Amino acid sequence: MLNFLVIFIAMRMLGASQLTGSTISQLGFLDLIASIIEVGLFNWAFLHRQQPINAMTHKVQGMLKDEQPAHVLLRHNDDYYELAMAINRLQTHQQKLLRAKTQQTEELRLLLAYLPIGVMVIDRYRKVEMANAAMAEFLQTEINPHRHPYTQDIHQFELVSLIGKVISDKTSRRQVITLPGVPTEKRVEVSVVYTSTTEDFFQILVLLYDVTEIYAVEKMQMDFISNASHELKTPVTAIAGFAETLLGGAKDDPATLDEFLGIIQRESKRLTELIQDVLAISRIESQSLSEQQVTTIKLAEMVTEQTRVLQQIASMKRVTFSNLVSDDVKVSADEKKT
């Protein structure tokens, strides 16, 4: 552009006169200078236009690295103004999402840290992605926070086999197993959950829940039921025996009448308590042991009381009781349950 301008000016200056060699040389020199100026102006314009592009490129690259580069600020009449504003808004939105994700991650970490249920996440490469403190306590081992094969932490055959079946069948399973523990072993309900988003990507969620106390309560219930019939026979038999004796003529003796009626009353009260225990069996809990009214009882007096209750039946069977328990022997128990 400048070249043609130089030639045009020279022609106007010289008019129709003949161009000499010196004049041509001068024109060539002017043309060279014009070319240099034109290239310089082009480069300056190019670099000036490239600045916002470089700034936006640098910003996007920083966003990809989870950095927080400064906003790109351009004039309103700049061709790239709307694009720069869009990138700035995208960064703001990204930062909000990252903060929300960080908060959720921290909340999840705190929840898992204090959750009494053992939690372990195993990825498709059979490696542990995450495990909480309760899981480490269940397994009686220290779990490495870095990814590692789950078999480094889990050595119980039933649990390893259960996880292997879930991975193979791609079906969640639940099972109650026994884990070694201190001071006693634990009964644990295991839930192994298979989750997947695609056919190639899946995770295994292992949940351990301690059901030792539940099994203990169930055993207490079964033991109570098996012994209930035997425990109920004693007061029923005593009441029936003393009532039969009274009806047979013993009621005519005031002293005997008062004694037998007192025994019948005590055995009826005992029978009522046993029936209440049977009705409350569904509400038995492990902490019920702490609700017992434990006192110190003289064993000899307790044996004497029981022999008096069974005296009438024993005499009918021609059986004689002898209480050989020393008066010094004492036991701690709930008197109502003895």
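Begin by selecting Arg-187 and Tyr-215: the charged end of Arg-187 sits over the ring of Tyr-215, 4.7 Å from its centre (a charge sits over a ring if NZ of Lys or CZ of Arg is within 6 Å of the ring centre and within 35 degrees of the ring normal). This is a predicted model, in which local features need pLDDT of at least 70 and side-chain atom pairs count only at pLDDT 80 or more, while totals for chains, interfaces and linings use all residues. Residues are numbered from 1 along each chain as its sequence is written, and side-chain values use heavy atoms, with hydrogens and water left out.

Next, select residues 212-247, which form helix α6 (helices, H or I, are DSSP runs of at least four residues, numbered from the N terminus). At Asn-227, α6 bends by about 40 degrees, the angle between axes fitted to the seven residues ending there and the seven starting there. After the helix comes Gly-249, with a positive phi near 130 degrees.

Within α6, the buried residues include Val-217, Ala-228, Pro-235 and Phe-242; buried means under 20% relative accessible area (1.4 Å probe, protein chains only).

Now turn to the aromatic pairs, of which there are two; rings of Phe, Tyr and Trp (its six-membered ring) pair if their centres lie within 6.5 Å, and planes under 30 degrees apart count as stacked, over 60 as edge-to-face and the rest as tilted. Select Tyr-194 and Phe-202, a stacked pair at 5.3 Å centre to centre with 25 degrees between the planes. Tyr-194 is buried at 14% relative accessibility, and Phe-202 is buried at 10%.

Finally, select Phe-242 and Phe-260, an edge-to-face pair at 4.6 Å centre to centre with 70 degrees between the planes. Phe-242 lies in α6 and Phe-260 in helix α7 (residues 254-279), so the pair ties together parts 18 residues apart in sequence.

Methods:
Helix = DSSP H or I, 4+ residues; strand = E, 2+ residues; numbered from the N terminus. Expected span 1.5 Å × (residues − 1). Buried < 20%, exposed > 50% of the residue type's maximum accessible area, 1.4 Å probe, protein only.
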